[in-house]
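Thanks, I will keep this brief.

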Amino acid sequence: MNSDLLTILLPTLALTGWALLLLLVDLWIPREHKGITAVLAAAGLAAALGLTLSQGRLPAMTDSTVMVISDGYALFLDVLFLASGLAGVALAHEYLKRANIANGEYYALLLFSVAGMMLMAHAYNLILIFLALELLSIPLYILSGINRPRLESEESALKYFLLGAFSSGFVLYGTALIYGATARTDLPGIFAALQSAPVNPVIFILGAVLLLVGLAYKVSAVPFHMWTPDVYEGAPTPVTGFMAVAVKAAGFAVLGRILMAAFPTVGKDLTPILWALAALTMLVGNLAAITQKSIKRMLAYSSIAHAGYLLMALVPFSNRLVNSDVQASLLFYLVAYALTGLGAWAVVTALEKQNGDGLKLEDYAGLGKSHPWLALAMTVFMLSFTGIPLTLGFWGKFYLFRTAIEGGFTLLAVIGVVTSLISAYYYLRVLMYMYMRAGSPSVERAPWLQVTAVAAALAVVLISFIPNVLLNLAGNSLLLLP
Amino acid sequence: MLENYYPLLVILSIAVFLGFLVVALGVLFGPRRPTARKGAPYESGMVPYGEGRRRISVRYYLIAVLFILFDIEIVFFLPWAVVLRQLGVEGLIGMFLFVGVLLVGFVYVWKKGALEWE
């Protein structure tokens, strides 16, 4: 037996097994007591987190078939995914009861999706990357439609499924062409083939671009973002929060790994494409967010904009000198974005009504008076999204811009700064509604949501005083380069 | 490379030629006495009535999906059975795990009542 494979994938396999058990056990849990399923799911995620951490930093290694890899990069992301999964459980429990869709399947599917993400972080072969992508996406197609009698939810599921299947097709076609050009599907093999064997450049670049396009769909980079607002708006809010944070992180994880481990030698061909993608995504995401009336759509466009900032970190991927900075700023920003995003979505979930109302900006009027803690948390998240100092978002953007400038892409950093300024308009508008407009917002009694929101807000503020600790952690989580 | 497929090309052209030949012979030498009945799309079938597009119970799709699930299981089983000796114990365990996962799905579907027709 290939024991390295088992060692590397142990937490992932344990989580998958637990999800299967959960699916079975849930059948005998009555509908009024779905809280038990939620607790079991959280216990599974926490156990997998403990297992991941106790494995600690395995020596960076691949298994003998070069299918999976364990390195600091994967470990860091595993922790991020599992923590997002825990937040996904905390966000959902009360919401599902309120919306009268207390299905145990939610938790099992969430666990499957997290397992897919972990597999994605460890995948070292294009075939396995594709499989992980599917394992991560298919549960989410179902989850976005879990609010079934509501038409928006069904629309969201169908759109997500169609576009997701489409993007999977791009990934597969890209993989096929890359295999055609290099005769390899493992990332170090592709890297070696590019350096030694004569590779048909047209076929290879075409394959690489198709792969990029497929992944750009997943992380909703402009111009492949059209599905995002509709899907995010229609899906149940906790699912949206999970998608906006964890799926994006998984997409960038694999994008970073492919670019840095397999494609560093074709940087001069891919960098302009990434540059254009990043610039377009930042501009379109932020400009489109301005006109949104619904907070869910606004945050959807904001997540597109943040995908642009994250793409900016990857633009100098082929420059070996800034390679460690690229990884560190990418991972740092993913953490900052995850904390901010999950917190903001928790607040949105707390204000949503049973019938799907309470998602307009006007519904936030007067929140500062009636629920000062929640409003304060939301303030922190909005400032962190904008990138105002004393929040984690500021440091995240700071390191991103620094990486871009070090890589020699000053114009891109300028676009980043300008679009951040633009974004201040619509983020601060939420604050204006909360504190300067009178109103009587009704907040659902949902202790877990408030705990999540306040804990995330605290983390966003407190870690911003010691950004170096997190940056060093991210910087030491090195990706194994061939 | 491609010349290996030369026999296939020969077979293909013979097949196409024979097909045309048989139809052409029928047209050339066969008697022809058309009636309305003979011209109908399905001469020996039932007389068509109603519209071609009808609503079909969604349960059929459920059954179809379940069928595909277990059909694919067979697709994996056949090549596995052929090379089972080379795979050894590892292959046996792997297949048991695979069937176990399918079994979980089956129990789920059963308990959810998807197999009950009413």
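**Helix packing and the chain contact**

In chain A, Leu77(A), Leu80(A), Phe81(A), Ser84(A), Gly88(A), Leu91(A), Ala92(A) and Tyr95(A) of α3(A) meet Thr237(A), Pro238(A), Gly241(A), Phe242(A), Val245(A), Ala246(A), Ala249(A), Ala250(A) and Ala253(A) of α10(A). That contact divides into 13 nonpolar, 4 polar and no charged residues. Nonpolar means Ala, Val, Leu, Ile, Met, Phe, Trp, Tyr, Cys and Pro; charged means Asp, Glu, Lys and Arg; the others, Gly among them, count as polar. Two residues are in contact if their C-beta atoms, placed from the backbone, lie within 7 Å. Helices are DSSP runs of H or I, at least four residues, numbered from the N terminus.

This is a predicted model: local features need pLDDT of at least 70, side-chain atom pairs count only at pLDDT 80 or more, and totals for chains, interfaces and linings use all residues. Residues are numbered from 1 along each chain as its sequence is written, and chains are lettered from A and ligands numbered from 1 in the order in which they are written.

On geometry, α3 (residues 72-98) of chain A packs on α10(A) at about 170 degrees, axes 8 Å apart. Axes are lines fitted to C-alpha atoms, for helices over the stretch in contact, with angles from 0 to 180 degrees between N-to-C directions. α3(A) and α10(A) are therefore roughly antiparallel (over 145 degrees).

Next, α5 (residues 126-144) and α10 (residues 237-261), both of chain A: their axes come within 12 Å and cross at roughly 170 degrees. The contact residues here are 9 nonpolar, 1 polar and no charged.

Finally, 5 residues of chain A are in contact with 6 of chain B. The chain A side has 5 nonpolar, no polar and no charged residues.

Technical notes:
Helices (H or I, at least four residues) and strands (E, at least two) are DSSP runs, numbered from the N terminus. Angles under 35 degrees count as roughly parallel, over 145 as roughly antiparallel, 65 to 115 as roughly perpendicular and the rest as oblique.
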